[in-house]
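This report describes one protein model, element by element. The sequence and the structure are shown below.

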Amino acid sequence: FAIALAFKPLINFLHRKIGMNKRLSGVLLVVVSYVVIGFLLWLGGYRIFVWLRNILTDMPEYYSTVIYPIFENTNNWVLDLVNRLAPQFAGEIGDMLGSAANSLRDYIVSLSADALTALAGMSRRIPLYLLSFIFTILGSLFVTMDYVPITNFIKRQMSEKTLNIVMGIRSYLGKTIASYAKAYLILMLITFIEISVGMLALKVDNPFGIAAIIAIADALPVLG
């Protein structure tokens, strides 16, 4: 219902400007919007999935080739310092540092394996998500087609005072959400342009695709 309500201004606009039937314009808007959203989710989700999989797969190797040498050099420096200042503690400190290095390695390997397992579990739930998405599309289509009868029925169940309050809240929320959406779109556009220019300057492959994904992710509350 919320989706149908969000499309109502566009449906009315198309009806006023080109005389398109409201049911037909509602169905077309819902279908086109879901196609675009589905494509963006698939494209962004696939890229994020591949990116996470590569990072998690390479974590043990990254530890062995980058982190462990740094850790080993630090250990050698500490042991050399202890040998000069307090050689009687060199053995204990060496064992402690070696144990810390092994614990860190085991933790990274375990974290990588657990995260890959969780990622694989999420990928197995994709059919369930797809089924829910399809039901959402169907529900949105039915509600959009019968939006006026449904809203008229709901209005008849309310008193005049309650209806006025609800309509006032709806108007206020609509203006507020529209303002937020406009602000987010402007921020996303600015982010997209900035990152595109930077990627082009650095000669990165597919700069516009990467910039679009980052701009969309930046608008999300937690991930951004």
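## Helix α6

The expected span is 1.5 Å times one less than the number of residues in the helix. Helices here are DSSP runs (H or I, at least four residues), strands are DSSP runs of E with at least two residues, and both are numbered from the N terminus. The model is a predicted one: local features need pLDDT of at least 70, side-chain atom pairs count only at pLDDT 80 or more, and totals for chains, interfaces and linings use all residues. Residues are numbered from 1 along each chain as its sequence is written, and side-chain values use heavy atoms, with hydrogens and water left out.

In α6, the buried residues are Thr191, Ile195, Ser196 and Met199. Buried means under 20% relative accessible area, exposed means over 50%, and partly exposed lies in between (1.4 Å probe, protein chains only). Just after α6, Lys203 adopts a positive phi of about 60°.

## Packing of α6 and α7

What covers the buried residues of α6? The cover includes α7, and the buried residues of α7 in turn pack against α6. In α7 these buried residues are Pro207, Ala211, Ala215, Ala217 and Ala219. The 13 residues of α7 should span 18 Å at 1.5 Å a residue, and its end C-alpha atoms are 18 Å apart, which agrees.

Thr191, placed in helix α6 (residues 160-202), counts as buried because its relative accessibility is 14%. Leaving aside residues up to four places away in sequence, Thr191 touches Ala215 and Asp218, where contact means heavy atoms within 4.5 Å. Ser196, also found in helix α6, is buried with a relative accessible area of 5%. With residues up to four places away in sequence again not counted, Ser196 touches Pro207, Phe208 and Ala211.

## The largest nonpolar core

Which residues make up the largest nonpolar core? There are six in all: Leu56, Met59, Tyr63, Ala101, Ile108 and Leu119. The elements that give two or more residues to this core are α2 and α3 (90-124). A nonpolar core is a set of buried Ala, Val, Leu, Ile, Met, Phe, Trp, Tyr and Cys residues joined through side-chain atoms within 4.5 Å. In soluble globular proteins, nonpolar side chains tend to be buried together.

Leu119 touches Phe49, Leu52, Arg53 and Leu56, not counting residues up to four places away in sequence. Glu61, found in helix α2 (residues 22-85), counts as exposed because its relative accessibility is 53%. Glu61 and Val109 are 48 residues apart in sequence, and their C-alpha atoms are 9.4 Å apart in space.

## A nonpolar surface patch

Val32, Val36, Phe39, Leu40, Trp42, Tyr46 and Ile216 form a nonpolar surface patch of about 720 Å². Patches consist of residues with over 30% relative accessible area and no salt bridge; like charges are joined within 9 Å and nonpolar side chains (Val, Leu, Ile, Met, Phe, Trp, Tyr) within 5 Å. A salt bridge is a side-chain nitrogen of Lys or Arg within 4 Å of a carboxyl oxygen of Asp or Glu.

The largest share of the patch, six residues, comes from α2. Ile216 lies in helix α7 (residues 207-219) and counts as partly exposed because its relative accessibility is 36%.

## The protein as a whole

The protein has seven helices and zero strands. Buried residues make up 18% of its 224 residues. Among contacts between residues at least 6 apart in sequence, 58% join residues at least 24 apart.

The accessible surface comes to about 16200 Å², of which 71% belongs to carbon and sulfur atoms. Accessible areas come from the Shrake-Rupley method with a 1.4 Å probe; for residues, only the protein chains shown count as cover.
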